[in-house]
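The following note was prepared for a colleague who wishes to review the structure point by point. Please read it beside the sequence and the model.

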Amino acid sequence: MKKGLAQTVMARLEVLGRISDEPGRLTRTFCSPAMQRANKLVSSWMSQAGMTTRKDAIGNLIGHYDGERRGQKDDKELLLGSHLDTVRNAGKFDGPLGVLTAIACVQRLHENQIRLPFAIEVIAFADEEGVRFHKAYLGSTALAGAFDARDLKRRDAEGITMEAAIRDFGGNPEALATLRLNPDLLLGYVEVHIEQGPLLEKKKLPLGVVTAIAGQTRMNLAFNGRAGHAGTTPMALRQDALCAAAQFILEVEALAKERPGLVATVGAIQAFPGISNVIPAQAQLSLDLRHALDDLRRAAGAELRKRARKIALARKLQVDWQAVSDTAAVQCDQRLSTVLGEAVKRRQQSLVWLPSGAGHDAAAMAAIAPVAMLFVRCKGGISHHPEESASAGDIRMAIAVLGEFLQRLASRAL
């Protein structure tokens, strides 16, 4: 394994990290000028690695590396990749690491004049984070045949529709329905990604294999009480919505600690009328529930509804719920994950299997292909932040593992 490939990836991450829509921080959104520049640069790196490149109708950048059969129409394909868009004020690794490690592996094949029994396509998805139009997985859902044409009418903060943005980017909104890849030709989709959590660092291991991408429930709820004067309303007679919300938040935390694998977060809360000397009449809050098993996640949601009603009843309040989204969990493919695990075990003292609490393009691609994911340790478990970091040594190991995965897959009957 060439030590230089990891150093190349690190250098390219730095260069990409300077391509931004905003001065002074990394923000790269769907169909933006920064994304246009990023695609052009990554396309040049794909070409250097021996790939032909294309940009599809939604703006996904795709590099193709022929297999032994040199591009026959029925040639099987293995998909590798991740996304190039970012959150606001992002780190450099979330997304681009998966694209660049895949390019590095293809580059090694190309330099050694190796062709596998299948073609490889490296995909740099145009949008995974959903920052600009508040809808995630735009690039991967298009390739999975699940893009919702109604989303073309969504508008960004400047009033630009998604349809217009795609057209200005050089895409073709009318062709999005034709982008679905043929599942019969796909061996699978494999994604390398920083863990975005602390478990690998805690275990002192560079890499882990993902078992599942957690399902997610998002809700908004409001406790409705009665406003009153802060100085004259006795404590026993208050209908304080904010106190009810505070009690509920602690119930959310307690339930998550009771149920292994469940993570639950209240990330936003607002009190009304929001005046220091007025008892809050309403408290609005968000709820985010995640678990790798959908039944357990939905059971947790039902239990929290029950606890919220109990709190409201005891305090003589009303509680209202609004469903925002419900995304099913995705189980990673056992066969691909086993092969990936075999490659990991060659290079580190033990193999750790772990679920992903964050969403990934693999979740959308699972609709048309088996999926597998390799997690790379990140410093402090920090992600979606400028301090996001992974070491060159861990990236070197990820490139080696992905390269061996390709060889192991090639050696088996497909």
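1. Contacts and basis of the model. A contact is taken here as heavy atoms within 4.5 Å. Among contacts in the protein between residues at least 6 apart in sequence, 77% join residues at least 24 apart. The model is predicted, with local features requiring pLDDT of at least 70 and side-chain atom pairs counting only at pLDDT 80 or more, whereas totals for chains, interfaces and linings use all residues. Residues are numbered from 1 along each chain as its sequence is written, and side-chain values use heavy atoms, with hydrogens and water left out.

2. Overall form. The protein contains eleven helices and 14 strands; these are DSSP runs numbered from the N terminus, helices being H or I of at least four residues and strands E of at least two. The C-alpha trace spans about 80 × 50 × 40 Å along its principal axes. The radius of gyration, taken over C-alpha atoms, is compared with a globule rule of 2.2 Å times the number of residues to the power 0.38. For 414 residues a compact globule would be near 22 Å, and the protein's 24 Å agrees with this.

3. Burial and surface. Buried denotes under 20% relative accessible area, exposed over 50%, and partly exposed in between (1.4 Å probe, protein chains only).

4. Salt bridges and the R132 site. A salt bridge requires a side-chain nitrogen of Lys or Arg within 4 Å of a carboxyl oxygen of Asp or Glu, and the count comes to 27. In one of them, R132 pairs with D156, with the closest N and O atoms 2.9 Å apart. R132 lies in the loop between β4 (119–125) and α4 (138–143) and D156 in the loop between α4 and α5 (162–168), so the pair ties together parts that are 24 residues apart in sequence. Both residues are buried, R132 at 16% relative accessibility and D156 at 10%.

5. Further surroundings of R132. A polar atom of the R132 side chain lies 2.9 Å from the backbone oxygen of F30. Beyond its neighbours within four places in sequence, R132 touches residues including T29, C31, S32, I160 and A165.

6. R412 forms a salt bridge with E342 at 2.4 Å between the closest N and O atoms. Because R412 lies in the segment after α11 (392–411) and E342 in helix α9 (residues 334–345), this pair ties together parts that are 70 residues apart in sequence. R347 forms a salt bridge with E404 at 2.2 Å between the closest N and O atoms. R347 lies in the loop between α9 and β13 (353–356) and E404 in helix α11, so the parts joined are 57 residues apart in sequence. Salt bridges with shared partners connect E342, R346, R347, E404, R408 and R412 in one network. Within it, R412 is partly exposed at 32%, as is R347 at 32%, whereas E404 is buried at 10%.

7. Cysteines. How many disulfides are there? With a disulfide taken as a pair of cysteine sulfur atoms within 2.5 Å, the count is zero. The sulfur of C105 is 18 Å from the closest cysteine sulfur, in C332, which is too far for a bond. C105 is buried at 2% relative accessibility, while C243 is partly exposed at 36%.

Notes: A polar contact is a pair of N or O atoms within 3.5 Å; within protein, one must be able to donate a hydrogen and the other to accept it, and residues adjacent in sequence count only if both atoms are side-chain atoms.
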